[in-house]
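Dear colleague,

I am handing over a structure for your study. Please look at it first, and then read the notes that follow.

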Amino acid sequence: GEENRGAVTVQKVAPESPAAKAGLSPNDVVYGAVGKPFTSPHQLREWVMTAPQHQPLPLLVKRGGEDIKLSISLEAHPLEVSFRPKPTKEGENAPALALVDLAGQPVSADGKPYLLVYWATWCGPCKKSLPEVIAWGEQSGTKIIMVSDEEPDVQTTFLAKFKGAMPKLHTVDAQRDSFRAHGIRGTPTFILVDAAGVIRYRQTGYSTKSGLKIPGWTWKKGNR
């Protein structure tokens, strides 16, 4: 129904995960948390990454047509489980660049190096990284490709209101194919691919203290 428009169906549950400990099962439909229904499927991912850890939190679930409330305690680090795609590594050939921009047009590397930035509009560290990402892109002459699983209208609305500098090329990975292909475990994740299609650098997470650690890069404006 309308109240469940942000519902997400559970596909698999890792045996040792917080989800398993909470009693979640495949085919359960998760539609809310902390007594409030989700309004977008992406809201579940946002909640998982921003909710308090190590304390019981209510999770609203529909199972076999019945509404139930489970209690889940989130943990800091995801488990290494067999069905999770492995992260790509430096020195490997990058998966094909299968992305479309906010207008639905295919994105091409044009045989040149590019930096993939996996991010989300609600991700604070992602936004903090942007000044340095832009500075690096300008100095290196490398194309920056922003990748989000959020719908085009969500991104467009955010970009219209965002006051800071922002890379120009934004793409949509609504089915998370690119996220899975690179085994993305968190945002922001930065992946530098050279002109031959080989991954040269990968970094997950960002802080203003340590910044981007791309070899040879020093950000003078950021005092690093």
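Helix α3 (residues 124–140) gives the largest share of the lining of the second largest pocket, namely three residues. Helices (H or I, at least four residues) and strands (E, at least two) are DSSP runs, numbered from the N terminus.

Please note that this is a predicted model, in which local features need pLDDT of at least 70, side-chain atom pairs count only at pLDDT 80 or more, and totals for chains, interfaces and linings use all residues. Residues are numbered from 1 along each chain as its sequence is written, and side-chain values use heavy atoms, with hydrogens and water left out.

The pocket

The second largest pocket has a volume of about 170 Å³, the volume being the space filled by probe spheres set on grid points that are joined across faces, edges and corners. A pocket is an open set of points on a 1 Å grid over the protein atoms alone, where a 1.4 Å probe fits, with protein on both sides within 12 Å along at least five of seven lines; lining residues have an atom within 4 Å of a point. Among the residues that line the second largest pocket are I134, G137, E138 and K168.

The aromatic rings

A search of the whole structure finds four aromatic pairs (rings of Phe, Tyr and Trp, the last by its six-membered ring, with centres within 6.5 Å; planes under 30 degrees apart are stacked, over 60 edge-to-face and the rest tilted). The ring centres of Y118 and F179 are 5.0 Å apart and their planes stand at 75 degrees, so this pair is edge-to-face. Y118 belongs to strand β7 (residues 114–118) and F179 to helix α5 (residues 177–181), so the pair ties together parts that are 61 residues apart in sequence. Both Y118 and F179 are buried (under 20% relative accessible area, with exposed over 50% and partly exposed in between; 1.4 Å probe, protein chains only). The charged end of R176 sits over the ring of F179, 4.3 Å from its centre (NZ of Lys or CZ of Arg within 6 Å of the ring centre and within 35 degrees of the ring normal). Ring pairs also link W119, F158 and F162 into a cluster.

The disulfide

The count comes to one disulfide (a pair of cysteine sulfur atoms within 2.5 Å). C123 is joined to C126, S to S 2.3 Å, and both cysteines are buried. The link of C123 and C126 is right-handed, with 80 degrees about the S-S bond.

Yours sincerely
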